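Please look over the sequence and the model below.

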Amino acid sequence: MKIMLSAGEASGDVHGENIARAILAMSPATELIGFGGSRMEDAGVRLCRNFADYSVMGVWEVLVNIRRIWKLLNDLTEFMREEKPDMLVLIDYPDFNWRLAKRAKSLGIPVFSYIPPSAWAWRKGRARDCAKIADEFIAIFPHELPVYEAAGAKISFVGNPLVDAVRADMPREKARRFFQMPEDKTVILLLPGSRKQEIELLLPSMLAGAKKLLTEKPDTVFYLPVADTVSRERIEEMIAASGVAVTLADEKRYSLMAAADAAMATSGTVVMEAALLGLPCVVLYRLSPVSYAIGKLLVHVDNFSLPNILLNESFQRELLQDEVTPENIAGELMKLYPGEAHRQEVVEKLKLACRKLGAPGASQRVAERILNAAREFTAE
(Lines give C-alpha, C1' and ligand atoms only; values in the text may rest on other atoms or scores of the structure.)
Protein backbone atom coordinates (compact mmCIF):
# COMPACT_ATOMS: atom_id res chain seq x y z
CA MET A 1 0.00 0.00 0.00
CA LYS A 2 1.26 3.46 -0.90
CA ILE A 3 0.08 6.65 0.84
CA MET A 4 1.01 10.19 -0.19
CA LEU A 5 1.20 12.94 2.45
CA SER A 6 1.17 16.67 1.65
CA ALA A 7 2.20 19.32 4.20
CA GLY A 8 3.35 22.81 3.25
CA GLU A 9 4.73 24.39 6.42
CA ALA A 10 6.57 23.69 9.68
CA SER A 11 3.53 22.83 11.82
CA GLY A 12 2.28 20.43 9.16
CA ASP A 13 5.72 18.84 9.01
CA VAL A 14 5.45 18.04 12.73
CA HIS A 15 1.99 16.52 12.26
CA GLY A 16 3.23 14.62 9.22
CA GLU A 17 6.19 13.23 11.13
CA ASN A 18 3.97 11.96 13.95
CA ILE A 19 1.49 10.39 11.54
CA ALA A 20 4.24 8.81 9.44
CA ARG A 21 5.93 7.21 12.45
CA ALA A 22 2.60 5.88 13.72
CA ILE A 23 1.61 4.47 10.31
CA LEU A 24 4.94 2.71 9.84
CA ALA A 25 4.82 1.32 13.38
CA MET A 26 1.42 -0.24 12.67
CA SER A 27 2.07 -1.15 9.03
CA PRO A 28 5.81 -1.33 8.21
CA ALA A 29 5.14 -2.42 4.63
CA THR A 30 3.28 0.80 3.82
CA GLU A 31 5.20 3.10 1.48
CA LEU A 32 4.98 6.79 2.35
CA ILE A 33 5.69 9.48 -0.24
CA GLY A 34 4.86 13.15 -0.61
CA PHE A 35 5.48 16.85 -0.13
CA GLY A 36 6.77 18.01 3.25
CA GLY A 37 9.81 18.94 5.29
CA SER A 38 12.87 17.40 6.91
CA ARG A 39 10.95 15.96 9.85
CA MET A 40 8.65 13.97 7.58
CA GLU A 41 11.64 12.82 5.57
CA ASP A 42 13.43 11.65 8.73
CA ALA A 43 10.26 9.76 9.71
CA GLY A 44 10.36 7.71 6.52
CA VAL A 45 8.49 9.77 3.92
CA ARG A 46 10.12 9.83 0.47
CA LEU A 47 9.76 13.46 -0.57
CA CYS A 48 9.13 14.70 -4.07
CA ARG A 49 9.70 18.30 -2.95
CA ASN A 50 10.63 20.04 0.32
CA PHE A 51 8.25 22.82 1.35
CA ALA A 52 11.10 24.96 2.74
CA ASP A 53 11.73 26.17 -0.81
CA TYR A 54 8.13 27.29 -1.34
CA SER A 55 6.46 28.38 1.91
CA VAL A 56 4.78 31.79 1.70
CA MET A 57 1.95 33.47 3.64
CA GLY A 58 -0.62 36.12 2.79
CA VAL A 59 -2.67 36.81 -0.33
CA TRP A 60 -0.22 39.28 -1.86
CA GLU A 61 2.80 37.05 -1.24
CA VAL A 62 1.07 34.13 -2.94
CA LEU A 63 0.29 36.28 -5.97
CA VAL A 64 3.91 37.36 -6.26
CA ASN A 65 5.06 33.72 -6.16
CA ILE A 66 2.22 32.30 -8.23
CA ARG A 67 4.36 30.91 -11.07
CA ARG A 68 6.55 28.91 -8.69
CA ILE A 69 3.50 27.62 -6.82
CA TRP A 70 1.76 26.49 -10.02
CA LYS A 71 4.93 24.72 -11.14
CA LEU A 72 5.05 22.94 -7.78
CA LEU A 73 1.42 21.92 -8.20
CA ASN A 74 2.15 20.55 -11.67
CA ASP A 75 5.23 18.70 -10.43
CA LEU A 76 3.29 17.04 -7.61
CA THR A 77 0.47 16.13 -9.99
CA GLU A 78 2.94 14.41 -12.28
CA PHE A 79 4.46 12.71 -9.24
CA MET A 80 1.02 11.32 -8.32
CA ARG A 81 0.46 10.20 -11.89
CA GLU A 82 3.73 8.27 -11.88
CA GLU A 83 3.59 6.89 -8.32
CA LYS A 84 -0.15 6.03 -8.29
CA PRO A 85 -0.66 6.30 -4.49
CA ASP A 86 -3.64 4.52 -2.97
CA MET A 87 -4.61 7.68 -1.10
CA LEU A 88 -3.60 11.33 -0.72
CA VAL A 89 -3.56 12.71 2.84
CA LEU A 90 -3.78 16.49 3.07
CA ILE A 91 -2.22 18.00 6.20
CA ASP A 92 -3.48 21.56 6.68
CA TYR A 93 -2.03 24.16 4.19
CA PRO A 94 -5.48 24.56 2.59
CA ASP A 95 -5.01 27.00 -0.29
CA PHE A 96 -2.44 24.77 -1.94
CA ASN A 97 -3.51 21.34 -0.70
CA TRP A 98 -7.07 21.57 -1.94
CA ARG A 99 -5.88 22.41 -5.43
CA LEU A 100 -3.72 19.30 -5.20
CA ALA A 101 -6.75 17.36 -3.93
CA LYS A 102 -8.72 18.27 -7.05
CA ARG A 103 -5.86 16.98 -9.19
CA ALA A 104 -5.80 13.74 -7.15
CA LYS A 105 -9.53 13.29 -7.57
CA SER A 106 -9.23 13.70 -11.33
CA LEU A 107 -6.65 10.88 -11.27
CA GLY A 108 -8.98 8.63 -9.28
CA ILE A 109 -6.98 8.92 -6.06
CA PRO A 110 -9.07 9.05 -2.83
CA VAL A 111 -8.48 12.07 -0.56
CA PHE A 112 -8.22 12.13 3.24
CA SER A 113 -8.17 15.55 4.93
CA TYR A 114 -6.38 16.03 8.23
CA ILE A 115 -6.84 19.56 9.64
CA PRO A 116 -9.38 20.80 7.08
CA PRO A 117 -9.84 24.50 6.16
CA SER A 118 -11.20 26.69 8.96
CA ALA A 119 -14.65 27.02 7.44
CA TRP A 120 -16.08 27.83 10.88
CA ALA A 121 -14.20 31.16 10.76
CA TRP A 122 -14.65 32.28 7.18
CA ARG A 123 -15.92 31.14 3.78
CA LYS A 124 -18.28 28.56 5.27
CA GLY A 125 -19.14 27.42 1.75
CA ARG A 126 -15.71 25.82 1.63
CA ALA A 127 -16.97 23.02 3.86
CA ARG A 128 -19.49 22.03 1.19
CA ASP A 129 -16.89 22.28 -1.57
CA CYS A 130 -14.36 20.24 0.40
CA ALA A 131 -16.95 17.59 1.26
CA LYS A 132 -17.36 16.95 -2.48
CA ILE A 133 -13.64 16.22 -2.84
CA ALA A 134 -12.41 14.48 0.32
CA ASP A 135 -13.71 11.09 1.39
CA GLU A 136 -12.97 11.58 5.09
CA PHE A 137 -11.93 14.39 7.44
CA ILE A 138 -10.31 14.62 10.84
CA ALA A 139 -10.26 17.95 12.70
CA ILE A 140 -7.92 18.86 15.55
CA PHE A 141 -10.35 21.18 17.35
CA PRO A 142 -13.92 20.32 18.38
CA HIS A 143 -15.40 23.64 17.24
CA GLU A 144 -14.56 22.76 13.62
CA LEU A 145 -17.03 19.89 13.33
CA PRO A 146 -20.52 21.48 13.05
CA VAL A 147 -19.98 23.36 9.78
CA TYR A 148 -18.58 20.25 8.07
CA GLU A 149 -21.27 17.98 9.46
CA ALA A 150 -23.88 20.36 8.07
CA ALA A 151 -22.15 20.07 4.68
CA GLY A 152 -22.47 16.28 4.77
CA ALA A 153 -18.80 15.50 5.37
CA LYS A 154 -17.61 12.40 7.19
CA ILE A 155 -15.63 14.18 9.92
CA SER A 156 -14.46 13.40 13.44
CA PHE A 157 -12.37 14.84 16.26
CA VAL A 158 -10.02 12.33 17.91
CA GLY A 159 -7.89 14.72 19.95
CA ASN A 160 -5.05 17.13 19.23
CA PRO A 161 -1.52 15.78 18.60
CA LEU A 162 0.05 18.68 20.44
CA VAL A 163 -1.03 17.08 23.70
CA ASP A 164 1.54 14.33 23.04
CA ALA A 165 4.17 16.36 21.21
CA VAL A 166 4.58 19.31 23.54
CA ARG A 167 6.72 18.12 26.42
CA ALA A 168 9.67 19.75 28.17
CA ASP A 169 12.47 17.20 28.43
CA MET A 170 13.90 18.62 31.65
CA PRO A 171 12.50 20.19 34.84
CA ARG A 172 12.14 23.98 34.91
CA GLU A 173 15.06 24.70 37.24
CA LYS A 174 17.37 22.38 35.32
CA ALA A 175 16.30 24.07 32.07
CA ARG A 176 17.04 27.52 33.47
CA ARG A 177 20.54 26.35 34.34
CA PHE A 178 20.95 24.71 30.93
CA PHE A 179 20.07 27.94 29.14
CA GLN A 180 22.13 29.97 31.63
CA MET A 181 19.18 32.09 32.72
CA PRO A 182 20.09 34.43 35.57
CA GLU A 183 18.21 33.54 38.75
CA ASP A 184 17.29 37.16 39.50
CA LYS A 185 15.95 38.00 36.01
CA THR A 186 12.57 37.67 34.36
CA VAL A 187 12.87 35.65 31.15
CA ILE A 188 10.80 36.78 28.17
CA LEU A 189 10.69 34.78 24.94
CA LEU A 190 10.39 36.22 21.46
CA LEU A 191 8.45 33.77 19.28
CA PRO A 192 8.28 35.44 15.85
CA GLY A 193 7.17 32.39 13.84
CA SER A 194 8.61 29.87 11.43
CA ARG A 195 8.15 31.68 8.12
CA LYS A 196 10.24 34.40 6.49
CA GLN A 197 7.32 36.82 6.16
CA GLU A 198 6.44 36.46 9.84
CA ILE A 199 10.02 37.26 10.82
CA GLU A 200 10.13 40.35 8.61
CA LEU A 201 6.71 41.65 9.65
CA LEU A 202 6.84 41.00 13.40
CA LEU A 203 10.37 40.52 14.74
CA PRO A 204 11.30 44.26 14.45
CA SER A 205 8.21 45.15 16.49
CA MET A 206 9.02 42.46 19.03
CA LEU A 207 12.55 43.81 19.41
CA ALA A 208 11.24 47.36 19.76
CA GLY A 209 8.80 46.09 22.38
CA ALA A 210 11.68 44.41 24.21
CA LYS A 211 13.64 47.66 24.18
CA LYS A 212 10.66 49.54 25.59
CA LEU A 213 10.15 46.86 28.22
CA LEU A 214 13.74 47.24 29.43
CA THR A 215 13.09 50.89 30.29
CA GLU A 216 10.32 49.79 32.66
CA LYS A 217 11.68 46.41 33.74
CA PRO A 218 15.50 46.46 33.48
CA ASP A 219 15.81 43.09 35.24
CA THR A 220 14.59 41.30 32.11
CA VAL A 221 16.44 39.05 29.67
CA PHE A 222 15.28 37.87 26.26
CA TYR A 223 15.58 34.54 24.45
CA LEU A 224 14.54 33.49 20.96
CA PRO A 225 14.31 29.86 19.75
CA VAL A 226 15.36 29.76 16.08
CA ALA A 227 13.18 27.62 13.80
CA ASP A 228 15.08 25.51 11.28
CA THR A 229 12.96 27.00 8.47
CA VAL A 230 14.29 30.55 8.87
CA SER A 231 17.66 32.24 8.43
CA ARG A 232 19.61 32.53 11.67
CA GLU A 233 21.84 35.12 9.97
CA ARG A 234 18.87 37.35 9.17
CA ILE A 235 17.62 37.12 12.74
CA GLU A 236 21.08 38.05 14.05
CA GLU A 237 21.12 41.07 11.72
CA MET A 238 17.78 42.30 13.02
CA ILE A 239 18.79 41.79 16.64
CA ALA A 240 22.06 43.68 16.11
CA ALA A 241 20.19 46.58 14.50
CA SER A 242 17.75 46.77 17.43
CA GLY A 243 20.38 47.26 20.11
CA VAL A 244 18.68 44.69 22.37
CA ALA A 245 20.56 41.69 23.74
CA VAL A 246 18.76 38.48 22.79
CA THR A 247 20.08 34.97 23.38
CA LEU A 248 19.36 32.61 20.49
CA ALA A 249 18.57 28.96 21.15
CA ASP A 250 18.79 26.13 18.62
CA GLU A 251 17.66 23.16 20.72
CA LYS A 252 15.25 21.99 23.41
CA ARG A 253 12.62 24.55 22.41
CA TYR A 254 9.91 23.17 24.67
CA SER A 255 12.22 23.16 27.68
CA LEU A 256 13.10 26.77 26.88
CA MET A 257 9.41 27.70 26.72
CA ALA A 258 8.64 25.91 29.99
CA ALA A 259 11.52 27.70 31.71
CA ALA A 260 10.51 31.20 30.57
CA ASP A 261 8.15 33.54 32.41
CA ALA A 262 6.17 35.02 29.50
CA ALA A 263 6.37 35.52 25.74
CA MET A 264 5.47 37.74 22.83
CA ALA A 265 4.31 35.33 20.13
CA THR A 266 3.10 35.37 16.55
CA SER A 267 -0.40 33.91 16.37
CA GLY A 268 -0.36 30.27 15.35
CA THR A 269 0.50 26.83 16.64
CA VAL A 270 3.26 28.18 18.89
CA VAL A 271 0.67 29.97 21.04
CA MET A 272 -1.08 26.65 21.71
CA GLU A 273 2.29 25.02 22.42
CA ALA A 274 3.01 27.77 24.93
CA ALA A 275 -0.39 27.18 26.55
CA LEU A 276 0.37 23.49 27.02
CA LEU A 277 3.62 24.47 28.75
CA GLY A 278 1.91 27.02 30.99
CA LEU A 279 3.59 29.98 29.29
CA PRO A 280 1.35 33.08 29.02
CA CYS A 281 1.74 35.19 25.88
CA VAL A 282 0.92 38.47 24.30
CA VAL A 283 -0.25 37.31 20.87
CA LEU A 284 0.67 39.32 17.78
CA TYR A 285 -0.54 39.14 14.20
CA ARG A 286 0.28 41.29 11.21
CA LEU A 287 -0.04 40.86 7.46
CA SER A 288 1.01 43.01 4.55
CA PRO A 289 -1.49 45.88 3.97
CA VAL A 290 -3.00 44.23 0.88
CA SER A 291 -3.43 40.85 2.57
CA TYR A 292 -4.95 42.48 5.65
CA ALA A 293 -7.43 44.51 3.61
CA ILE A 294 -8.60 41.37 1.82
CA GLY A 295 -8.72 39.40 5.06
CA LYS A 296 -10.94 41.99 6.76
CA LEU A 297 -13.57 41.41 4.09
CA LEU A 298 -13.51 37.63 4.44
CA VAL A 299 -12.75 36.76 8.08
CA HIS A 300 -15.27 37.41 10.85
CA VAL A 301 -14.08 36.06 14.20
CA ASP A 302 -13.94 37.51 17.69
CA ASN A 303 -10.51 36.02 18.49
CA PHE A 304 -7.59 34.83 16.38
CA SER A 305 -5.40 32.97 18.89
CA LEU A 306 -6.22 29.33 19.62
CA PRO A 307 -6.55 29.41 23.44
CA ASN A 308 -8.99 32.32 23.20
CA ILE A 309 -10.95 30.54 20.46
CA LEU A 310 -11.19 27.33 22.49
CA LEU A 311 -12.76 29.15 25.44
CA ASN A 312 -14.57 31.69 23.27
CA GLU A 313 -13.25 34.60 25.33
CA SER A 314 -10.42 37.13 25.07
CA PHE A 315 -8.51 36.22 28.22
CA GLN A 316 -5.06 36.35 26.57
CA ARG A 317 -4.26 39.70 24.97
CA GLU A 318 -4.20 39.83 21.16
CA LEU A 319 -2.61 42.68 19.21
CA LEU A 320 -3.61 42.92 15.56
CA GLN A 321 -1.98 44.90 12.75
CA ASP A 322 -1.62 48.57 13.85
CA GLU A 323 -2.04 47.54 17.49
CA VAL A 324 1.37 45.85 17.27
CA THR A 325 3.37 48.71 18.80
CA PRO A 326 6.30 48.71 21.23
CA GLU A 327 4.15 50.45 23.85
CA ASN A 328 1.32 47.91 23.61
CA ILE A 329 3.66 44.93 23.62
CA ALA A 330 5.59 46.16 26.67
CA GLY A 331 2.46 47.25 28.53
CA GLU A 332 0.69 43.92 28.06
CA LEU A 333 3.78 41.86 28.90
CA MET A 334 4.26 43.66 32.21
CA LYS A 335 0.86 42.29 33.27
CA LEU A 336 2.25 38.76 32.79
CA TYR A 337 5.31 39.12 35.03
CA PRO A 338 5.59 36.74 38.00
CA GLY A 339 3.54 38.00 40.93
CA GLU A 340 1.02 39.90 38.80
CA ALA A 341 -2.62 38.93 39.46
CA HIS A 342 -3.47 39.01 35.75
CA ARG A 343 -0.74 36.46 35.04
CA GLN A 344 -2.33 33.90 37.36
CA GLU A 345 -5.75 34.46 35.80
CA VAL A 346 -4.32 33.84 32.32
CA VAL A 347 -2.41 30.71 33.41
CA GLU A 348 -5.59 29.20 34.91
CA LYS A 349 -7.54 29.92 31.72
CA LEU A 350 -4.78 28.32 29.65
CA LYS A 351 -5.25 25.10 31.63
CA LEU A 352 -8.97 25.11 30.81
CA ALA A 353 -8.25 25.72 27.12
CA CYS A 354 -5.79 22.83 27.00
CA ARG A 355 -8.41 20.41 28.36
CA LYS A 356 -10.44 21.08 25.21
CA LEU A 357 -7.71 19.36 23.16
CA GLY A 358 -8.70 15.87 24.27
CA ALA A 359 -6.77 12.85 25.54
CA PRO A 360 -3.21 11.84 24.57
CA GLY A 361 -2.64 9.50 21.63
CA ALA A 362 -4.23 11.59 18.85
CA SER A 363 -1.58 10.88 16.19
CA GLN A 364 -1.96 7.14 16.78
CA ARG A 365 -5.72 7.40 16.34
CA VAL A 366 -5.33 9.52 13.19
CA ALA A 367 -2.88 6.99 11.72
CA GLU A 368 -5.36 4.19 12.41
CA ARG A 369 -8.11 6.12 10.59
CA ILE A 370 -5.81 6.77 7.62
CA LEU A 371 -4.78 3.13 7.34
CA ASN A 372 -8.38 1.91 7.66
CA ALA A 373 -9.51 4.36 5.00
CA ALA A 374 -6.69 3.37 2.63
CA ARG A 375 -7.51 -0.31 3.08
CA GLU A 376 -11.17 0.35 2.35
CA PHE A 377 -10.31 2.26 -0.83
CA THR A 378 -7.91 -0.41 -2.11
CA ALA A 379 -10.49 -3.12 -1.41
CA GLU A 380 -13.12 -1.40 -3.55
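## Contacts, sheet and helix packing

Val246 touches Leu207, Phe222, Tyr223, Leu224 and Ile239, not counting residues up to four places away in sequence. Contact here means heavy atoms within 4.5 Å. This is a predicted model, where local features need pLDDT of at least 70, side-chain atom pairs count only at pLDDT 80 or more, and totals for chains, interfaces and linings use all residues. Residues are numbered from 1 along each chain as its sequence is written, and side-chain values use heavy atoms, with hydrogens and water left out.

Val246 lies in strand β10 (residues 246-249). Helices (H or I, at least four residues) and strands (E, at least two) are DSSP runs, numbered from the N terminus. Val246 counts as buried because its relative accessibility is 14%. Buried means under 20% relative accessible area, exposed over 50%, and partly exposed in between (1.4 Å probe, protein chains only). One of its contacts, Leu224, is 22 residues away in sequence. The C-alpha atoms of Val246 and Leu224 are 6.8 Å apart.

### The sheet

Strand β10 belongs to an open sheet of 6 strands with parallel pairing. The order is β10-β9-β8-β11-β12-β13. Two strands pair if DSSP finds at least two bridges between them. Strands β10 and β13 stand at the edges with a single partner strand each, so one side of each has no neighbour in the sheet. On average, neighbouring strands are turned by 20° against each other, direction ignored. Axes are lines fitted to C-alpha atoms, for helices over the stretch in contact, and angles run from 0 to 180 degrees between N-to-C directions.

| Strands | Bridges | Sense |
|---|---|---|
| β9 (residues 220-225) and β10 | 4 bridges | parallel |
| β11 (residues 262-266) and β12 | 4 bridges | parallel |
| β12 and β13 (residues 318-320) | 3 bridges | parallel |

Pro225 is bridged to Ala249 in β10. Ala263 has Cys281 of β12 as its bridge partner. Tyr285 stands opposite Leu320 in β13.

How many residues of strand β12 (residues 281-285) are buried? The count is 4 of 5, so the strand is mostly covered. From β11 the chain crosses through helix α13 (residues 269-276) to β12, and this β-α-β crossover is right-handed. That is, with the strands pointing away from the viewer, the path from the first strand over the helix to the second runs clockwise.

Ile329, Ala330, Glu332 and Leu333 of α16 are buried. The buried residues of α16 pack against β8, α10 (196-216), β11, β12 and β13.

Elsewhere, helix α1 (residues 10-26) packs against helix α18 (residues 362-379) at about 65°, with the axes 8 Å apart. From α1 come Asn18, Ile19, Ala22, Ile23 and Met26; the α18 residues in the contact include Val366, Ala367 and Leu371.

### A loop glycine

Gly358 sits in the loop between α17 (341-355) and α18. Gly358 is partly exposed, with a relative accessible area of 33%. Gly358 touches Phe157 and Val163, not counting residues up to four places away in sequence. Phe141 is 217 residues from Gly358 along the chain, yet their C-alpha atoms are separated by 8.9 Å.
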